[in-house]
Amino acid sequence: MLDVQDYLKIFIGIIAILNPLGALPMYLSLTADHSEQDKKQVAMTAAKAATVILLVTLFFGEFILSFFGISVNSFRVGGGILILLMAISMLNAQTSGAKSTEAERIEAAQKSSIAVVPLAMPMLAGPGAISSIILYANRAEGWQHYLIISAEIILVGILLAILMRLSGKIANRLGQTGMNIITRVMGLILAAISIEFISLGLKGIFPVLAG
């Protein structure tokens, strides 16, 4: 198991990579013509789906890496670069193409159900989040480690549901400027996390760097 401080960093990292406030504008746009009851249903479904996707990733992510013969260190470097690109987009208060493209957002607006695709995946539980969970799972062994990260994922899922259900009020209070500021702060945290992943991966691939 890791220290309490490490698990706190992981919790903050999961929140940063999912960036729930950054997903609110898309959620509000896609549910603009929905009734209040439908909006709540979409919020709950999206939060549940994102949580399930990340939990499945937590328990089966390493198996997938082994199946494709990918080393954890190589995945750290690749995942770190992907997360860094997302962080750069967030620092510019933009939605990263790694989460969803413009074509996907246009297609989503034409769908009757948008809770799972694109809100849950790839907007929330996208490639960056999946990469992060796999890397966090690899940081320690034992059922206690997986139990704690599972609890953190579930807590983040609850937070997602609450934020999306209160999205209208949050958007009115913060405004676009306020939401952009929070997105940039999350991007800065994410950039630091990505550099840590990349450095650990490079040290594993090239042991001479660890010296």
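Visitor: How much space lies in the largest cavity?
Guide: This is a predicted model, and every value given here is computed from it. With a threshold of 30 Å³ or more, the count comes to one cavity. The space in the largest cavity is about 40 Å³.

Visitor: Which helix gives the largest share of the lining of that cavity?
Guide: The residues that line the largest cavity are Arg76, Leu135, Arg139, Glu196, Phe197 and Leu200. Sorted by class, this lining has three nonpolar and three charged residues, with no polar ones. Its largest share, three residues, comes from the helix that spans residues 167–205, namely α9.

Visitor: How are α3 and α8 oriented to each other, roughly parallel or roughly antiparallel?
Guide: Helix α3 covers residues 36–67 and helix α8 covers residues 143–165, and their axes lie 8 Å apart. The two pack at an angle of about 160 degrees, and since angles over 145 degrees count as roughly antiparallel, the orientation of α3 to α8 is therefore roughly antiparallel.

Visitor: How many nonpolar residues does the contact of α3 with α8 have?
Guide: On the α3 side the contact includes Ala43, Met44, Leu54, Leu55, Leu58 and Phe59, along with Lys40 and Glu62. These and others meet α8 residues, among them Ile149, Ile153, Ile154, Leu160, Met164 and Arg165. The crossing of the two helices is right-handed. By class, the contact has three charged residues and three polar ones, while the number of nonpolar residues is 16.

Visitor: What is the handedness of the crossing of α1 and α7?
Guide: Helix α1 (residues 4–18) and helix α7 (residues 127–137) have axes 9 Å apart and pack at an angle of about 165 degrees. The pair is therefore roughly antiparallel. In α1, Ile10, Gly13, Ile14, Ile17 and Leu18 meet Gly128, Ala129, Ser132, Ile133 and Tyr136 of α7, and by class this contact has seven nonpolar, three polar and no charged residues. The crossing of α1 and α7 is right-handed.

Visitor: Which residues of α9 are met by α1?
Guide: Helix α1 passes α9 in a left-handed crossing. The α1 residues in this contact are Ile12, Gly13, Ile15, Ala16 and Ile17, and by class the contact has eight nonpolar, one polar and no charged residues. The residues they meet in α9 are Met186, Ile189, Leu190 and Ile193.

Technical notes: Residues numbered from 1 in each chain as written. Predicted model: local features only at pLDDT ≥ 70, side-chain atom pairs only at ≥ 80, totals over all residues. Heavy atoms only, no water. Axes fitted to C-alpha atoms, helices over the stretch in contact; angles between N-to-C directions. Helix = DSSP H or I, 4+ residues; strand = E, 2+ residues; numbered from the N terminus. Parallel < 35°, antiparallel > 145°, perpendicular 65-115°, else oblique. Left-handed = near helix turned anticlockwise from the far one by under 90°. Contact = heavy atoms within 4.5 Å. Nonpolar A, V, L, I, M, F, W, Y, C, P; charged D, E, K, R; others polar. 1 Å grid on protein atoms, 1.4 Å probe; cavity = no way out; pocket = protein on both sides within 12 Å on 5 of 7 lines; lining within 4 Å. Points joined across faces, edges and corners; volume = space filled by probe spheres on them.
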